[in-house]
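Hello,

My notes follow below it.

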Amino acid sequence: MASVRRNPNKIKQGSVAVDIILYAIALVICLITLYPFYFVVIMSISSPSEVAAMNVFWYPKGLFFDSYELIIRDSKMWWAYSNTLIYVVAGTILNCFTAVLGAYPLTVRNLKGRKWVIAFLLIPMYFGGGLIPSYLLVNKLGMYNTMFAVIIPGMVSIWNIILVRTFFTTIPDGLKESAFIDGASHWQLLFKVILPISKPILAVIAIYSIVGIWNSWFDALVYLPNEKLHPLQMYLYRVVVQQSVDLKMLSLEDTKNAVANMLSNIQLKYAIIVFTTLPVIFTYPFFQKYFIKGALLGSLKE
Amino acid sequence: MKRWKRTIVSAMAAVLVIGVVAACNNSSGESTKKESGDSASSGQQNGKLRLLGPAGSNKYIKFDDRAKYPVWGEVDKLLSDAGLQLDYELVPSEQYSVVIKTRMASGTNLPDIVNISALDNTTVLNLAKQGVLLDLKPLIEKYSNGNIKKMYDVEFPYAKKSTTSPDGKMYWFSDLHKKTYQGKDPAPVSLTMLIRKDWLEKLNLPVPATAEEYLQTLKAVRDKDANGNGKKDEVLVYDPSKFDGAIAQWFGLGTDITAVDVESKKVVSPWYQDGIKDYFRYLQQLVKEGILDTSLIGGTAEQKQQKMTENQVTSLSDYNLETYQEPTIQGGGEYLPLMPLKAVDGITPAAQLEPPFLVWQKYAITKDAKNVEAAIKFFDTIYSDKYADFLYWGIEGQTYKKDDNGANVYINNKSDEDLAKIGQTPGVKLFGDTVFPRVQFANLEFELSSVPKYKADNELSILKYKPYFVNMNGNYLAIPDDKQLETKTKILTNLSTYSTELATKLALGQKSLDHWDEYIAEMKRLDWTS
């Protein structure tokens, strides 16, 4: 009977040692990833003096919930929250809508100049108009200092169109042809045949849009001087900026105010970060599989 | 399941519609806190003006609540009497810099009067060249009732010089500040080294009288564990990368890479002054002894505050009359301001002063101003004695009173939160630096009465101290012309970087003083105008 030679150095699949090593690595990565979140949470509920002294590392010191009370009581924060919800819902719906309408024609084989249109769409992905021309456009269109200034310019994403188009091209031609044979128009084909089987890609776009819009603040910084229209991230931005004042540039009188502002904001900013991030953090687990799908779609080539 | 889907879709559609409606409403309202003016309610409607500026950053005293403050009633009456009807567009101060830069660069949607303090001189002069900002001089000549001239020519003559551009025109009005003592003497305050008074007393250490004693004192404080936490962590917070910490002036050095020697009317650079090498030798000693906390070099205000709160800061550079650091120390503490300490034979230590006369901020009239006469009337109202009183002191009997010597002193030295509750505040906290310039006739008497005696004594000693350098050199320099600006920008970028790096490395001992001539040669190479 021939004996099987065993290589003592070979790491077997399913080996306990390998499992332990892999779990240990995964655990370390998890801790590295999760600790910043945990750190922000414990800072947000620790005493302001302990936070200013940076004495908090493993657990909260001197439990202090006044910052949360301050935030909850601040009507500006609730304004910002409701604005963000409006921006997110409106932006997401419009993004899905424009992505679908933009993508479908680009999958129609006999559409004349289709390749030119695709090439044309790629240009704005690499080159922007610049801040001042964008500002002039928004201003001339009468959108400056209105919610439209944040919603409309962000409603079309070329990236999303390309993702949806890539997905549509994976749908078998036979399905489309049979729909046409049954007398369906392009509209009927799109809305009654293609869209019902395109939920995964719509979910991908929706989650990309939700996260993107939830975290955005720059458009609001430029186009929305009215604080009643500010999204939540602008609220956070303002607290952080108040804290980064160069005290050396100020006179004695102004320094007093700046120091007072800075001190009260040191702890407050952590509470605001928790408050502004939680909804999106809770959204992630539910949409995780779509994120992965989105990444795969982006990697496909025709 | 289908019903759920329908519900969700309906809800999303409803939010979308609400969003659109909300956006529509805002567009029609144009409500960037754009508030119709309270002034000119009596019907003198000829002076409509749109003003754009940053909202105040005070958390408790807010411009939105101005109606509840008697001082606003008085200022509003002044504006109303001038026939002005004002629309305020106030943008959150943290956002204002971006908003104003974008709007001015685009040249559209401009108000009549605008706070352009966030723009540097180069940008402002370019805007003026493009005709976006108006030259104020002919407008003042034509429309002013004399208030502006009186303020600029008589009360603050230096203001005119520092706001007149090289072409002889004037494109902006400014905040004007004057601090006096006993009604006449200019009263600068100093930026000096502060040292923990309570620790000196606890350890029975004398107040240092020379730079060497200062070093030994800091060492003793650390070695004897003044904060009692069992660690040698009592440190000096000092940034050696620049020259604006007060130790540099003990060695007779200017406060910036180019600094103004006001008394001799010269511009000097610390790199070419006698005490420079001794200064770096001294810093090297502080670093070597572990007294100077090198981890804070280039650190943020928040990081420095952390050390302060942890009760580890023995000494730092700050205003001699500051009272805002002490409450932030865990366990409490007191800071004693030091007079300039002798460091080198043959060099009289200099003080660093905040000038008693300040000119800052910029308020301009734009090309879109439809009624420039009203705009000048607005500034005539601002540069009046009455407004200056309301702005800085408030209302006599309510927010301030006269002391035995006739000097103004505040009545309610309370926190802003308390002042907001009782509705008693001077105008500066309510509307200063928004679209309303600050015109301030401050006095030292009140400040002396609100600080501990040892701080007041230091201030009285520093009043006439010489020699000195100032912390705001820009106040003494003329506005450069285009060519000068271009040259300055080209030179300073590289030179400042080199200076900062070199100063840090010399202080840390990473570069040797033996190669001094090479450093200076490199600096001269970078300053190709010399």
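**A strand with two partners**

This is a predicted model. Start in chain B, with strand β6 (residues 189-196) and its neighbour β12(B). Three bridges join the two, and they run antiparallel. Within that pairing, Ser190(B) is found opposite Leu353(B) of β12(B).

β12(B) also pairs with strand β17 (residues 468-470) of chain B. Here the strands run parallel, again through three bridges. Leu353(B) takes part in this pairing too: its bridge partner in β17(B) is Val470(B).

Which way do the side chains of β12 (residues 351-354) point? Ala351(B) and Leu353(B) go one way, while Gln352(B) and Glu354(B) go the other way. All four are buried, Gln352(B) and Glu354(B) included.

**A helix and what follows**

Helix α14 (residues 385-392) of chain B has several buried residues. They are Tyr387(B), Ala388(B), Phe390(B), Leu391(B) and Tyr392(B). After α14(B) comes Gly394(B), with a positive phi near 95 degrees.

**Cysteines**

How many disulfides are there over all chains? The count is zero, with a pair of cysteine sulfur atoms required to lie within 2.5 Å.

Cys96(A) is buried, because its relative accessibility is 15% and the cut-off for buried is under 20%. Cys30(A) has 42% relative accessibility, so it counts as partly exposed.

Best regards

Terms used
Residues are numbered from 1 along each chain as its sequence is written. Chains are lettered from A and ligands numbered from 1 in the order in which they are written. This is a predicted model: local features need pLDDT of at least 70, side-chain atom pairs count only at pLDDT 80 or more; totals for chains, interfaces and linings use all residues. Side-chain values use heavy atoms; hydrogens and water are left out. Buried means under 20% relative accessible area, exposed over 50%, partly exposed in between (1.4 Å probe, protein chains only). Two strands pair if DSSP finds at least two bridges between them.
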